[in-house]
Amino acid sequence: MKVFHGFEQARGQLDGCAVALGNFDGVHRGHQALFAQARKSAKTGPAIAATFDPHPGKILHPDLAPKLLTPLWRRLELMAACGLDAVVVQPFDRAYASATAEQFVERDLFGALKPSTVVVGPDFTYGKARGGNVQTLAQACQARDASFISVPPVTFDGVVVSSTKIREFVAEGRVGAAAALLGRPFELMGVVERGEGRGRTIGFPTANLHPEPEVRPGIGVYAVRAFHAGRVYDGAANIGRKPTFGEAELTVEIHLFGFSGDLYGEKLSVEFIERLRGEQRFGSPGELVAQIERDCQHARAILATAPQPGALSPGAALSPIV
């Protein structure tokens, strides 16, 4: 999949494309439906997406901007896995935000891309102060003999799929519900940092993860699947403040089954499969160890029957180590 850094870089290279427009945070089932429609509609050119980075809300209303589910590099990986031929990533800043809806249509969409088909969700807006919407974009396409498709909301078990709803589920610890809307497990990825090393002293060494995504699962213990250096490990994760040891800092710690070695400074991707329990305070380290043993047994049982990594997982073709 080709990546173009802005509409100007893509100018003249994607003529006749079918383009899906949006922010696509999470690349969830709704976004996947837009990409599928772009692929289906691509007759005279490539199937592509055009998106913005950073998220416009980060520039226009930073205090109100949503926490993001996926960093840009992971979004691009997921979009490639969805079968797109190219993605245009338009840098978004105050200067770009000042462009009117008409300028976006004339200069960027039809000036640079010359699409045969434009695909959007029902709430798509564009241009300064959201001056353009689905209705005005449909009119612009009609005037230029381009097809226009507004894909209706995607629902799953009666719930409308949206990045906002997924963020809500993740924050509540409902990672199974989030996975249903994403079409894959929610994941954190980042670099392993040095922690207190306390887990090793009680027989359960953990990787202290500094995650890139801004959204974190709610405090608690989870069954997880981790991807590192071409291998997949089942495991258990704790997100919390270690009340048994009187600590206040929120940490993300991953215990990998069957792993031995040093992960400091290494990149790790972790899929959250199911929440096991909430955070607890124990009367002694011994009581904590006994509960961790039960948590690991519970996680192993869940992961033994969980679906294997799918096409959108970080290591779709890898075999797990348990």
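This briefing describes the pockets, salt bridges, helix packing and nonpolar core of one predicted model. Local features require a pLDDT of at least 70 and side-chain atom pairs a pLDDT of 80 or more, whereas totals for chains, interfaces and linings use all residues. Residues are numbered from 1 along each chain as its sequence is written, and side-chain values use heavy atoms, with hydrogens and water left out. Helices (H or I, at least four residues) and strands (E, at least two) are DSSP runs numbered from the N terminus.

**Pocket and cavity**

- The largest pocket has a volume of about 1400 Å³. Its lining comprises 46 residues, and those closest to the centre are Asn23, His55, Asp123, Phe124 and Thr125.
- On a 1 Å grid over the protein atoms alone, a pocket is an open set of points with protein on both sides within 12 Å along at least five of seven lines, a cavity is a set where a 1.4 Å probe fits but cannot get out, and lining residues have an atom within 4 Å of a point. Points are joined across faces, edges and corners, and a volume is the space filled by probe spheres set on them.
- At least two lining residues of the largest pocket come from each of helix 2 (29-41), helix 3 (56-60), helix 5 (94-97) and helix 8 (163-171).
- The lining of this pocket has 25 nonpolar, 15 polar and six charged residues. Here Ala, Val, Leu, Ile, Met, Phe, Trp, Tyr, Cys and Pro count as nonpolar, Asp, Glu, Lys and Arg as charged, and the others, Gly among them, as polar.
- One cavity of 30 Å³ or more is present, and the largest cavity has a volume of about 40 Å³. Asn23, Asp25, Phe52, His55, Leu68, Thr70 and Arg75 line the largest cavity.

**Salt bridges**

- The structure holds 13 salt bridges, each a side-chain nitrogen of Lys or Arg within 4 Å of a carboxyl oxygen of Asp or Glu.
- Asp25 pairs with Arg167, with the closest N and O atoms 2.9 Å apart. Asp25 lies in the loop between strand 2 (18-21) and helix 2, and Arg167 in helix 8, so this pair ties together parts 142 residues apart in sequence. Both Asp25 and Arg167 are buried (under 20% relative accessible area; exposed is over 50% and partly exposed in between, with a 1.4 Å probe and protein chains only).
- Asp53 forms a salt bridge with Arg75, the closest N and O atoms being 3.4 Å apart. Asp53 belongs to strand 3 (residues 47-53) and Arg75 to helix 4 (residues 72-81), 22 residues apart. Asp53 is partly exposed at 28%, while Arg75 is buried at 5%.
- Arg74, Glu77 and Glu187 are linked in a network of salt bridges.

- Helix 9 (residues 175-182) has buried residues Val175, Ala178, Ala179, Leu181 and Leu182. These residues cover an arc of only 165° around the axis, which puts them on the same side of helix 9; the arc is that of the directions from the helix axis to the C-beta atoms.
- Just after helix 9, Gly183 takes a positive phi of about 85°.
- Leu21 and Leu113 touch the most other members of the largest nonpolar core, which has 31 residues. Such a core is a set of buried Ala, Val, Leu, Ile, Met, Phe, Trp, Tyr and Cys residues joined through side-chain atoms within 4.5 Å.
- Helix 6 gives the largest share of this core, seven residues.
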